[in-house]
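Visitor: I'm new to this one. Could you take me on a close look at the ligand and its surroundings?

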Amino acid sequence: MEDCVFCKIVKGEIPCDKVYEDDQIIVFNDIHPQAPVHLLVIPKKHIKSIAVMNEKDVALVGQMVNIATRIAAAAGISAKGFRLVTNSGEEGGQVVPHLHWHILGGRQLSGELG
Ligand code: AMP
């Protein structure tokens, strides 16, 4: 999508601090971390949010969760605990309209997003 910041990251037009990439998924550090570990898991395909994913995206979204749990383990936050969250739409707090999972950890999380 033309004006989507995460599509620009996928195309390499905007740099990111990448920690993982395969043919469908990229994981990179959030530019404004809310926890000692704050990573974003995005699909290369533009999907606006979890609310509008369709049946064809089920395997991709499942793989995003699978990769997120592996990355959390690699980042050393799996044993003590972490949060995997996706915001959807305005009232859900979504700012970037390209589906992404936040991986948050490395401190005690509390509240709505910790
Ligand atoms: P959300 O509010 O769920 O849409 O979260 C969007 C997240 O994307 C925020 O945590 C931002 O800090 C993060 N973000 C926005 N632009 C970038 C970027 N260029 N590189 C890394 N993270 C970004």
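**Around the ligand**

Guide: Happy to. The ligand is surrounded by 15 residues, and the closest include Asp30, Asn87, Val95, His100 and His102; a residue counts here if one of its heavy atoms lies within 4 Å of the ligand. Bear in mind that this is a predicted model, where local features need pLDDT of at least 70, side-chain atom pairs count only at pLDDT 80 or more, and totals for chains, interfaces and linings use all residues. Residues are numbered from 1 along each chain as its sequence is written, and side-chain values use heavy atoms, with hydrogens and water left out.

By class, that shell has 7 nonpolar, 7 polar and 1 charged residues. (Ala, Val, Leu, Ile, Met, Phe, Trp, Tyr, Cys and Pro count as nonpolar, Asp, Glu, Lys and Arg as charged, and the others, Gly among them, as polar.)

Now for the polar contacts, meaning pairs of N or O atoms within 3.5 Å. Valine 95 has a backbone N or O atom 2.7 Å from an oxygen atom of the ligand. With glycine 93, a polar backbone atom is 2.9 Å from a ligand oxygen. Histidine 100 uses its side chain instead: an N or O atom there is 2.8 Å from an oxygen atom of the ligand. As for cover, the ligand taken alone exposes 500 Å², and the protein buries 85% of that (areas by the Shrake-Rupley method with a 1.4 Å probe).

Where is all this? The ligand sits in the largest pocket, in the sense that more than half of its atoms lie within 2 Å of the pocket's grid points. A pocket is an open set of points on a 1 Å grid over the protein atoms alone, where a 1.4 Å probe fits, with protein on both sides within 12 Å along at least five of seven lines; lining residues have an atom within 4 Å of a point. Helix H1 (5-11) and strand E2 (25-29) each give two or more residues to the ligand's shell; helices are DSSP runs of at least four residues, strands of at least two.

This pocket has a volume of about 430 Å³, the space filled by probe spheres set on the points. Its lining has 23 residues, with Phe6, Asp30, Ile31, His32 and Leu40 nearest the centre. H1 gives the most to that lining, 3 residues.

Conventions. Polar contact = N/O pair within 3.5 Å; in protein donor to acceptor, adjacent residues only side chain to side chain.
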